[in-house]
Amino acid sequence: MESKTIYLDNNATTCVAPEVLEAMKPFFCEYYGNPSSIHRFGGSVAAHVETARRQVAELLGAAWRDKDGNASEIIFTSCGTEGDNAALNAAVNARPERKKVVTTVVEHPAVLHYCEELERRGYEIVKLPVDGCGRLDMAALEREVDENTAVVSVMWANNETGTIFPVKEVCAAAHAKGALFHTDAVQAAGKVKIDVDALDIDFLTVSGHKVHAPKGVGALFVRRGIRFTPLIFGGHQERSRRGGTENVASIVGFGKACSMCHEKLEEEYALLSGMRDEFERRVAATVPKIRINGDLANRLPGTSSISFDCIEGESILMLLDMFGICASSGSACTTGSLEPSHVLRAMGIPYSAAHGTVRFSFSRYNTMEEVVFTAEKLPPVIARLREISPYWKG
Ligand SMILES: *Cc1c(COP(=O)(O)O)cnc(C)c1O
């Protein structure tokens, strides 16, 4: 049996890039000072945090310093989830007279579950539907965003299908009614070009571990001039917008990871979409009764969501795991529940197909050999499971 791991679950998390690990190393035992300290030992560490801030800002098209030379627009957080929570919290506080939040049915739980909390606090939450390809109902958006809407939160790209949303249009529709706009760009960052300035975005969330930085670090972009109330109160770190001593090593690593993505954005887009397209071509040619989910004309380069009729995604994953192949059914967040993912259900994917859905997600560390190997192992796995499926009619 194969012992080598073929990791095709990069939307769940990624490996830390060796260059990122190297950049982080000095900040554990050598430059371990507190960036808020007065002494030079701590102060020199603060300079590295600011370098990372610039690197994150450059990936997002954000400003690194304002005209007074102060660090601005980028707030370091502990993860993507914190960024989503902090953005929604700040947005509703910045529009205190408005009591409505407009989002989508296919958001990450970090947005959906915070919205449920806002609902308990008396907000009206509107979740916009998507079509069979996972595309947003723009007419519903235009109808729902009104003078009572504090914030519109629509993800840049979906983590399960890779479908990319028309962020520019959604942002403009929010602003037309005086609402703020937040986007969860955790999956999009480093994979497609982001320019918060050109799009006039108010809040944007990113996470380290989806872009080859460690788990437990992220950033929130907040447009200059927006009144920001923190989610976490404490010391004066991050200009009093996020209390807590900075996770310096991870922040430095995150900055390095962002600059690597920024530098190779187009090259990596071609690499990832090349592997995905070859994979899908091979699977479609060898396995009957499949459907590829998402907006095929407009999705992330490295995400492939495939439904195999009449069988269980979990069984497919278990058999693939015997070959060392790692993929995912639904999203990692729904593992353990027997319900198909909320994203596939929202797209109206029939029950029998939604249950047999596997997400393959690629990174720069995958190879075409791994793609070919996986595509070769898949047909007998699917055939074997369908043979014993009571629903399969050949
Ligand atoms: C992974 C992910 C998150 C959560 O990020 P964490 O850093 O794991 O908290 C949020 N949104 C999307 C779209 C994600 O894929």
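## Helices packed around α15

In this predicted model, helix α11 passes α15 in a right-handed crossing. Helix α11 covers residues 265–286, and its axis comes within 9 Å of the axis of α15, the two crossing at roughly 20°. Angles under 35 degrees count as roughly parallel, and α11 and α15 are therefore described as roughly parallel to each other. Two packed helices are described by the angle between their axes and the distance between the axes.

Helix α15, which spans residues 368–387, also meets helix α12, made of residues 313–321; here the axes come within 10 Å and cross at roughly 135°. That angle makes α12 oblique to α15.

Side chains of opposite charge can pair when their charged atoms come close. How many salt bridges does the count come to? The count comes to 21 salt bridges, and one of them joins the side chains of Lys4 and Glu370, with a distance of 3.3 Å from N to O. This pair links distant parts of the chain, since Lys4 lies in the segment before β1 (6–7) while Glu370 belongs to helix α15, 366 residues apart. The two partners can also be described by their accessibility: Lys4 is partly exposed, with a relative accessible area of 47%, whereas Glu370 counts as buried because its relative accessibility is 9%, and buried means under 20%.

Another salt bridge is formed by Arg224 and Glu73, whose closest N and O atoms are 3.9 Å apart. This pair, too, links distant parts of the chain, with Arg224 in the loop between β8 and α9 and Glu73 in the loop between α3 and β2 (74–77), 151 residues apart. Is Glu73 buried or exposed? Glu73 is buried, with a relative accessible area of 3%, while Arg224 counts as partly exposed at 45% relative accessibility.

## A further pair and a network

Glu22 and Lys25 also form a salt bridge, and their closest N and O atoms are 2.8 Å apart. Glu22 is partly exposed, with a relative accessible area of 47%, and Lys25 is partly exposed as well, with a relative accessible area of 45%. Elsewhere, Glu50, Arg53 and Glu238 are linked in a network of salt bridges.

## Positive phi values

Which kind of phi value does His212 have, as a residue other than glycine? The phi of His212 is near 70°, a positive value. His212 is found in the loop between β7 (203–207) and β8 (218–222), and at 6% relative accessibility this residue counts as buried.

Ser240 is likewise a residue other than glycine with a positive phi, in this case near 65°. Its place is in helix α9, which consists of residues 237–240. Ser240 is partly exposed, with a relative accessible area of 37%.

Which residues make the nonpolar surface patch of about 320 Å²? The patch is made by Tyr31, Tyr32 and Phe41. Tyr31 sits in the loop between α2 (26–29) and α3 (40–60), and at 37% relative accessibility Tyr31 counts as partly exposed. Residues in such a patch have over 30% relative accessible area, a cut-off that Tyr31 passes because its value is 37%.

How values were computed: Residues are numbered from 1 along each chain as its sequence is written. This is a predicted model: local features need pLDDT of at least 70, side-chain atom pairs count only at pLDDT 80 or more; totals for chains, interfaces and linings use all residues. Side-chain values use heavy atoms; hydrogens and water are left out. Patches are made of residues with over 30% relative accessible area and no salt bridge: like charges are joined within 9 Å, nonpolar side chains (Val, Leu, Ile, Met, Phe, Trp, Tyr) within 5 Å. Accessible areas come from the Shrake-Rupley method with a 1.4 Å probe; for residues, only the protein chains shown count as cover. A salt bridge is a side-chain nitrogen of Lys or Arg within 4 Å of a carboxyl oxygen of Asp or Glu. Helices (H or I, at least four residues) and strands (E, at least two) are DSSP runs, numbered from the N terminus. Buried means under 20% relative accessible area, exposed over 50%, partly exposed in between (1.4 Å probe, protein chains only). Axes are lines fitted to C-alpha atoms, for helices over the stretch in contact, and angles run from 0 to 180 degrees between N-to-C directions. Angles under 35 degrees count as roughly parallel, over 145 as roughly antiparallel, 65 to 115 as roughly perpendicular and the rest as oblique. A crossing is left-handed if the near helix is turned anticlockwise from the far one by less than a right angle, and right-handed if clockwise.
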